[in-house]
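Trainee: I would like to learn how to read the packing inside a model like this one. Could we go through it feature by feature?

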Amino acid sequence: MAGSTRLEISSQLGRTAAITGATGGLGYETALALAKAGSEVILTGRDDRKGRSAIEKISREVAGAKVSYNLSIWRALHRSPPSHSGCTPGIPLIS
Ligand SMILES: NC(=O)c1ccc[n+]([C@@H]2O[C@H](COP(=O)([O-])OP(=O)(O)OC[C@H]3O[C@@H](n4cnc5c(N)ncnc54)[C@H](OP(=O)(O)O)[C@@H]3O)[C@@H](O)[C@H]2O)c1
């Protein structure tokens, strides 16, 4: 489709991504795209209600999605930013 902004990602099966700011906007869309690509996604953010809502939306859209919300990871990332060797900044990929 002309003008499409859909995010396409190669298979992420077997990988786990912790995504900061994943309760809305670009972070949410990134988490959704990674879940669709097969990654387990750990959403982080500062608002538990928005976190639960984001989990529900991704679970509805991606059958069998492995998705969770973890506030403590967000806190840890903000205390000590991870290194991003080989990863897109802001998306630390675990394993
Ligand atoms: N959306 C676009 O089309 C677009 C285009 C070009 C550039 N940008 C830029 O890209 C960035 C992200 O845009 P967006 O639309 O994705 O933003 P957004 O919807 O406002 O926020 C995305 C995520 O970041 C979190 N967040 C926002 N401010 C935060 C803060 N100060 N500390 C911690 N978490 C924070 C939000 O959490 P809460 O829900 O708790 O606020 C949400 O989970 C912005 O700088 C924007 O100017 C966006």
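Trainee: Which residues in the largest nonpolar core touch the most other members?

Mentor: Keep in mind that this is a predicted model. In soluble globular proteins, nonpolar side chains tend to be buried together. Here the largest nonpolar core has 17 residues, and those that touch the most other members are Ile19, Ala31, Ala35, Val41, Leu43 and Ile58. At least two residues of this core come from each of β1 (16-19), α1, β2 (40-43), α2 and β3 (67-69), while α1, with five residues, gives the most.

Trainee: What does Ile58 touch, leaving aside residues up to four places away in sequence?

Mentor: On that count, Ile58 touches Ala31, Leu32 and Ala35, and also Ala65 and Val67.

Trainee: How do the axes of α1 and α2 cross?

Mentor: Two packed helices are described by the angle between their axes and the distance between the axes. In this case the axes of α1 (residues 25-36) and α2 (residues 48-61) come within 10 Å and cross at roughly 35°, and the crossing is right-handed. From α1, Tyr28, Ala31, Leu32 and Ala35 meet Ala54, Ile58 and Glu61 of α2, a contact made up of six nonpolar residues, no polar ones and one charged.

Trainee: Which residues lie around the ligand, and which helix gives the most to that shell?

Mentor: Around the ligand are Gly21, Ala22, Thr23, Gly24, Gly25, Leu26, Gly27, Gly45, Arg46, Asp47 and Lys50. Helix α1 gives the most to this shell, with three residues, and by class the shell holds two nonpolar, six polar and three charged residues.

Conventions
Residues are numbered from 1 along each chain as its sequence is written. This is a predicted model: local features need pLDDT of at least 70, side-chain atom pairs count only at pLDDT 80 or more; totals for chains, interfaces and linings use all residues. A residue is near a molecule or strand if its C-beta atom, placed from the backbone, lies within 6 Å of it. Helices (H or I, at least four residues) and strands (E, at least two) are DSSP runs, numbered from the N terminus. Ala, Val, Leu, Ile, Met, Phe, Trp, Tyr, Cys and Pro count as nonpolar, Asp, Glu, Lys and Arg as charged, and the others, Gly among them, as polar. Axes are lines fitted to C-alpha atoms, for helices over the stretch in contact, and angles run from 0 to 180 degrees between N-to-C directions. A crossing is left-handed if the near helix is turned anticlockwise from the far one by less than a right angle, and right-handed if clockwise. Two residues are in contact if their C-beta atoms, placed from the backbone, lie within 7 Å. A nonpolar core is a set of buried Ala, Val, Leu, Ile, Met, Phe, Trp, Tyr and Cys residues joined through C-beta atoms within 7 Å. A residue is buried if 20 or more other C-beta atoms lie within 10 Å of its own, exposed if 12 or fewer, and partly exposed in between; C-beta atoms are placed from the backbone.
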